[in-house]
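Please look over the structure shown here, together with its sequence, before reading the briefing that goes with it.

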Amino acid sequence: GRLTASIAHEIRNPLSAINHAAQLLAESELDKADSNLTQIITTQVQRLDKVVQNVLSLSRHEKGQNEVIELGKWLQNFHEEFVQANDMDDSQFTINIINDEELILFDSSHLYQVLCNLCTNAINHSKLEKQQVKIKIVCGHDVHDAVTGAAVFQAGSSGPELDIVGM
């Protein structure tokens, strides 16, 4: 508990300074490329802060904050952020949602962390060069589970298949 809190504090201090510097940069006149870089910094700082929050809540044995998520919109935002953060081409990462209006009840920060880990693993553990890796996420209902109709995600990369099913 205390060790985790201490580490979180040590991570958050430089994150706060980075975030503040990005905010100051954003207030100055920047060209489009520099403005995009500033936005990437801000987004990644927020992402890291959420990771720290998740680690702290897990160390305190706190439950996640379930919320209703519009899966199609959420996955599209995830796609855009992941592609930008990992310097990928849009064509390298596709999402196939069986029902665009799908709603799920889940903690969005945990969902982000899980999918980010799966997609990062697809890149890191592929035998292909990063520019050749293609990630595909397929999302729908488990047709074999008529009672709950649980959402099922499949994530895979080109090359040696990395299929992860379930969530």
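Predicted model: local features only at pLDDT ≥ 70, side-chain atom pairs only at ≥ 80, totals over all residues.

Residues are numbered from 1 along each chain as its sequence is written, and side-chain values use heavy atoms, with hydrogens and water left out. The protein chain has four helices and six strands, where helices (H or I, at least four residues) and strands (E, at least two) are DSSP runs numbered from the N terminus.

**Overall architecture**

- Along the sequence, the elements of the protein chain follow the order α-α-β-α-β-β-α-β-β-β.
- Of the 167 residues of the protein chain, 32% count as buried, a class that means under 20% relative accessible area, with exposed set at over 50% and partly exposed in between (1.4 Å probe, protein chains only).

**Helices**

- Helix H1 (residues 2-27) has 26 residues that should span 38 Å at 1.5 Å a residue, and the 37 Å between its end C-alpha atoms agrees with this; the expected span of a helix is 1.5 Å times one less than its number of residues.
- In H1, the buried residues are Ala 8, Leu 15, Asn 19 and Ala 22.
- Helix H3 (residues 71-85), with 15 residues, reaches 20 Å from its first C-alpha to its last, which is close to the expected 21 Å.
- Buried positions in H3 are Leu 71, Gly 72, Trp 74, Leu 75, Phe 78, His 79, Phe 82 and Val 83. They lie on the same side of H3, because they cover an arc of only 155° around the axis, the arc being that of the directions from the helix axis to the C-beta atoms.
- The buried residues of H4 include Ser 108, Ser 109, His 110, Leu 111, Tyr 112, Leu 115 and Cys 116.

**Nonpolar core**

- The largest nonpolar core holds 23 residues, of which Trp 74, Phe 78, Phe 82, Phe 93, Leu 115 and Ile 135 touch the most other members; such a core is a set of buried Ala, Val, Leu, Ile, Met, Phe, Trp, Tyr and Cys residues joined through side-chain atoms within 4.5 Å.
- The elements that give two or more residues to this core are H3, strand S2 (93-97), H4 and strand S4 (135-141), and H4 gives the most, with eight residues.
- In soluble globular proteins, nonpolar side chains tend to be buried together.

**Largest pocket**

- The largest pocket has a volume of about 400 Å³. On a 1 Å grid over the protein atoms alone, a pocket is an open set of points where a 1.4 Å probe fits, with protein on both sides within 12 Å along at least five of seven lines, and lining residues have an atom within 4 Å of a point; grid points are joined across faces, edges and corners, and the volume is the space filled by probe spheres set on the points.
- Of its 18 lining residues, those closest to the centre of the largest pocket are Arg 47, Lys 50, Glu 81, Ser 109 and Tyr 112.
- Helix H2 (32-59), H3 and helix H4 (108-124) are the elements that give two or more residues to the lining, and the largest share, eight residues, comes from H2.
- The lining divides into six nonpolar, nine polar and three charged residues, where Ala, Val, Leu, Ile, Met, Phe, Trp, Tyr, Cys and Pro count as nonpolar, Asp, Glu, Lys and Arg as charged, and the others, Gly among them, as polar.

**Single residues**

- Asp 87, in the loop between H3 and S2, has a positive phi of about 50° although it is not a glycine, and at 69% relative accessibility Asp 87 counts as exposed.
- Most residues other than glycine have a negative phi.
- Thr 43, found in helix H2, counts as buried at 15% relative accessibility, and its C-alpha lies 8.3 Å from that of Glu 81, 38 residues apart in sequence.
- Leu 3, in helix H1, counts as exposed at 62% relative accessibility; Leu 3 and Ser 59 are 56 residues apart in sequence and 9.8 Å apart in space, C-alpha to C-alpha.
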